[in-house]
Amino acid sequence: MTTGYTAEQLRTAAAEAVRAPSLHNTQPWRFRLVDGGIELAVDPLRRLPATDPSGWGARIACGAALFNLRLALAVAGTPATVRLRPYPGDPDVVARLVPDVPRRPTPAEQSLHGAISRRFSNRAPFWPDPVPADARWRLGEAARAEQCWLELVIGTTAVNAFAEIARSAHRVLERDPAYVTERTRWIRSEPSPDGVPTGAGGPQSEPQDLLPQRGFGGRDRAPGRDFEPEPLVAVLGSTGNTATDQIVAGQALQRVLLTATDAGLAVSMLSQPIEVPGAREALRLSLGRFGTPQMVMRIGFGQPGRTTPRRPVDEVLDLPVVH
């Protein structure tokens with residue numbers, strides 16, 4: 001019976017975990033080995049005080065990294081038992097993972113694990129092809145498997161109502177000079193291991209666009225390349241909005257994103273309606289849901305894009321710690 005994880009097991013699993021998404025691709029996580037357990041923590045040096053003053057975005061990102069970590073360990077035959085926020089005195093520690101009973105990975109785990117390296121945010125316009133009903137069902141099941149809900153915003157009236165909430169939130173954020181300055185600081189025009197490369201930022205937004213796009217310095221788009229007129233919008237929500245709920249939602253988000261990737265779908269995230277409290281509440285009321293919206297996604301079919309860079313895994317490891 002295995003008594004603990006090794007440094008090599010941590011390094012291998014963390015290399016998959018860092019492929020998770022994060023606001024402005026800040027990669028706000030650290031991994032360490034403590035008494036044979038793997039601990040995942042928020043990196044305080046990578047917080048976004050203007051964009052993410054509450055730490056919601058960092059916890060969502062670390063939850064997504066945690067799901068990748070779980071998958072990587074399961075596929076290696078060394079699944080984990082996970083404890084969320086194990087130390088009341090150290091809230092930056094998101095989770096502690098210790099070895100569970102060794103077993104063979106399930107086909108679902110293998111499929112999702114295979115999608116980790118292919119997943120990225122596609123900020124370009126999607127094709128008009130509708131997302132099939134079975135794929136929509138799979139996305140909802142992925143959220144439910146992680147104790148969250150996924151509400152699809154379907155129909156012109158509902159999408160237009162959502163778009164108004166999103167655009168309103170976007171305008172509020174763009175009026176904050178600190179927010180704009182912070183985003184600009186994470187735009188990368190030269191090769192870099194973090195931040196958003198201008199080539200991955202998607203085309204510049206234009207007045208006729210239905211949904212707001214963050215300005216990451218993307219190129220102007222060709223005439224006639226408007227964004228899809230009726231995108232499939234999905235809202236991911238959790239039962240509450242505690243720090244633990246946000247970590248759970250991050251895991252659900254990554255499971256949904258990997259499920260979408262496995263189904264050949266493209267996804268981009270719209271967090272502006274989540275970042276503005278009034279907009280988040282308006283979104284919840286428009287959906288008629290209990291709980292808290294935690295992320296909005298635009299889902300469809302699109303041209304292959306490019307992944308954003310990641311820091312070398314050794315830069316996010318703290319090895320070893322012995323008590």
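A crossing of two helices is called right-handed if the near helix is turned clockwise from the far one by less than a right angle. In this predicted model, the crossing of helix 2 and helix 7 is right-handed.

On the side of helix 2, the residues in contact include Trp 56, Ile 60, Gly 63, Phe 67 and Leu 71, and helix 7 contributes, among others, Ala 243, Ile 247, Gly 250, Leu 253 and Leu 258. By class, the residues of this contact are eleven nonpolar, six polar and three charged.

Helix 7 also packs against helix 3, residues 107-115, where the axes come within 8 Å and cross at roughly 85°. An angle of 65 to 115 degrees counts as roughly perpendicular, and the two helices are therefore roughly perpendicular to each other. Ser 111, Leu 112 and Ala 115 of helix 3 meet Arg 255, Leu 258, Thr 259, Thr 261 and Asp 262 of helix 7. Three of the residues in this contact are nonpolar, three polar and two charged.

In soluble globular proteins, nonpolar side chains tend to be buried together. Here the largest nonpolar core has 43 residues, and Phe 162, Leu 236, Leu 265, Val 296, Met 297 and Ile 299 have the most contacts inside it. Helix 7 supplies the largest share of this core, seven residues. Beyond its neighbours within four places in sequence, Ile 299 touches residues including Phe 126, Val 131, Leu 139 and Leu 265. Another core, of 29 residues, lies apart from the largest one; Ala 17, Leu 66, Leu 69 and Leu 97 are among its members.

Key
Residues are numbered from 1 along each chain as its sequence is written. This is a predicted model: local features need pLDDT of at least 70, side-chain atom pairs count only at pLDDT 80 or more; totals for chains, interfaces and linings use all residues. Side-chain values use heavy atoms; hydrogens and water are left out. Helices (H or I, at least four residues) and strands (E, at least two) are DSSP runs, numbered from the N terminus. Contact means heavy atoms within 4.5 Å. Ala, Val, Leu, Ile, Met, Phe, Trp, Tyr, Cys and Pro count as nonpolar, Asp, Glu, Lys and Arg as charged, and the others, Gly among them, as polar. A nonpolar core is a set of buried Ala, Val, Leu, Ile, Met, Phe, Trp, Tyr and Cys residues joined through side-chain atoms within 4.5 Å. Buried means under 20% relative accessible area, exposed over 50%, partly exposed in between (1.4 Å probe, protein chains only). Axes are lines fitted to C-alpha atoms, for helices over the stretch in contact, and angles run from 0 to 180 degrees between N-to-C directions. Angles under 35 degrees count as roughly parallel, over 145 as roughly antiparallel, 65 to 115 as roughly perpendicular and the rest as oblique.
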